[in-house]
Amino acid sequence: MTVRVRIAPSPTGPLHIGTARTALFNYLFARHVGGTFVLRLEDTDAARSELGYERDILEGLHWLGMEWDEGPEVAGLPARGPYGPYRQMERLPLYKEAADRLLAEDKAYYCYCTPEELAADRAAQEANHEPPHYVGRCAHLTPEERGEREAEGRKPVIRFRVGEGVVEFDDLVRGNVAIDTKALGGDLVIVRSDGTPLYHFSVVVDDAAMAITHVIRGEDHLSNTPKHILLFRALGAQEPKFAHLPLILNADRTKMSKRKSQTALDAYKEEGFVKEAIVNYLALLGWSSGTEEDIFPLDELVTRFELARVQSAGAVFDRERLEWLNGQWIRRLADDDLIERLMPFLMDDLAERARQGEQVRFPGQDEVAALLPLVRERLPVLSAIGPLVDFLFIEEIAVDPAQLVPKRWDPETTLEALTEARRVAADTGSVSFEADELEASLRALAESRGWKAGDLFMAIRVAVTGRTATPPLFDTLVALGYERTIERLDAARDLLAPATSRPA
RNA sequence: GCCCCCAUCGUCUAGAGGCCUAGGACGCCACCCUUUCAAGGUGGAGAUCACCGGUUCGAAUCCGGUUGGGGGUACCA
């Protein structure tokens, strides 16, 4: 029997980090055993489903590198796989047929209860401290009674007879789970009054129709699993194996939510998290290799992944750890690759500065390539590139006079030092403007004047970049170029003393 | 309320009866390197393995209970 798993997102919001993790575990499991990874869109909640979300989800999964073997047609490309269509709203006849079958076999029935009646039932049950459940008012209607209700114009839902007994299954991560059908809340609605199927029904009809062998999903579905198993049985379908993954948690250990955490994959992408780090991190949320390594590319995760090594307790999403992994992955990327990923972030940053009225220059890839050694180890996220190098591309940098003066110095000393530094830089630069020479001559200057090299360098750093934290100074000066270095040193001197009184 | 699941450093985890005076990683602290910031290196603090009882010569590991946390309980998915 060949393994078939699926990821079945609902296009009711942008791709959620939890959905991405569930997709990943399904993907890893499928690839590890040479099975098939199916993508199915569960869009039966017409009120909340949107095409834009669907695209976001598909693009996100694709971006992370999880190609599906079977899935819906997208952007003009035909559906892949023999079990299509892969959007539930395009599979309505299938649910209709399945529901009719259950109806014919009296495993399901029409229910005409109004929302008001159901609400009243629930209120009464609550008052009596009973668990909420459907009372079965319509469970045994005669044809006449049904006729009366139809005549009133009531549109029925279809309910599935849950029956009595204990449903037991062997969860691949949790072991044996047994739940009494009494805890299920009575006969459950499987088809809405408008004829569309509800999740618990469509998911089973489809998993059966698509020959899914393993259902790997979040723990939030664990209590609902008996409903599904009962439905599989009623439909005469082979029930799949189940594996319920631990939930991803907010810092307060509740189920990760938009309200308390950043849940949209897109938001992480826009901050400059690389896909390798996200995949790596998501895999480590609930799974561990059992070794002491923690950096794994996708293909290695595929070879190592086992459901048996999945944790059963929930895992708090730890952004710090994600950032660390991101830095690790950024350091590992090939030059060309990193440049390509960095460019959009840098361009966006500069474009934003331009919008704010600053004069900026947009560098080409070659120019950014030259900066790579200066920034590579300083990027926890790709979006950190702007603040690291934008002073190179902005005509007029803002310099704070207060920051210009090193802690141990006074303005006079600083002015003198910058003046001397300008002279030395000009002298050196007239021969060759290179990092080693600049460093040697400026160190010599500091020594001859009894200044701490660090203080001198800090004054220069702030003068030419406007910042106290930058890539290494001399490489920065070279990147800036001779002329702009001199210009900025002069501008900084002006800041410390009016031009008229500036020492020549 | 009822049902189900879970429980090892702040966080992610290793651990499947003796290898555990509980290991690794993130974060934190210190030192080294160093022109700043990073990165890197070294070291450190940090967990009476939720609690109680049992099984056993021996338990973080097995069993029971307690407590705590989470999830589910819709004409949402």
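**Starting from one pair of strands**

Guide: Let's begin with strand E4 (residues 157-160), which is joined to E7 by 3 bridges, the two running antiparallel. This is a predicted model, where local features need pLDDT of at least 70 and side-chain atom pairs count only at pLDDT 80 or more, while totals for chains, interfaces and linings use all residues. Residues are numbered from 1 along each chain as its sequence is written, chains are lettered from A and ligands numbered from 1 in the order in which they are written, and side-chain values use heavy atoms, with hydrogens and water left out.

The element names come from DSSP runs numbered from the N terminus: helices are H or I with at least four residues, and strands are E with at least two. Two strands count as paired if DSSP finds at least two bridges between them. As one example, Ile158 has Val191 in E7 as its bridge partner.

E4 and E7 belong to an open sheet of 3 strands in the order E3-E4-E7, paired antiparallel. Strand E3 (108-111) and strand E7 (188-191) are the edge strands, each pairing on one side only. From one strand to the next, the twist averages 45°; axes here are lines fitted to C-alpha atoms (for helices, over the stretch in contact), and angles run from 0 to 180 degrees between N-to-C directions. In the loop between H3 and E3 you'll find Asp106, whose phi is near 60°, a positive value in a residue other than glycine. Another loop, between H2 and helix H3 (92-104), holds Pro85. A cis peptide bond links Gly84 and Pro85, with omega about -5°.

Next, look at strand E5 (residues 166-171), joined to E6 by 6 bridges, again antiparallel. A hairpin connects E5 to E6 through 3 residues, and Asp170 has Asn176 in E6 as its bridge partner.

E6 takes us to the RNA. Strand E6 (175-180) is one of the elements giving two or more residues to the surface near RNA strand B, and helix H11 (319-332) is another. H11 gives the largest share, 5 residues. In total, 64 residues surround RNA strand B, and the closest are Asp45, Glu377, Arg378, Arg443 and Arg461; "near" means that a heavy atom of the residue lies within 4 Å. Sugar and phosphate make up 72% of the RNA atoms that come within 4 Å of the protein. By class, that surface has 26 nonpolar, 17 polar and 21 charged residues. (Ala, Val, Leu, Ile, Met, Phe, Trp, Tyr, Cys and Pro count as nonpolar, Asp, Glu, Lys and Arg as charged, and the others, Gly among them, as polar.)

For Arg321, a side-chain N or O atom is 3.0 Å from a sugar or linking oxygen of RNA strand B. Val316 uses a polar backbone atom instead, 2.8 Å from a phosphate oxygen of RNA strand B. And that's the tour: we started at E4 and E7, joined by 3 bridges, and ended at the RNA, with 64 residues around strand B.

Methods. A polar contact is a pair of N or O atoms within 3.5 Å; within protein, one must be able to donate a hydrogen and the other to accept it, and residues adjacent in sequence count only if both atoms are side-chain atoms.
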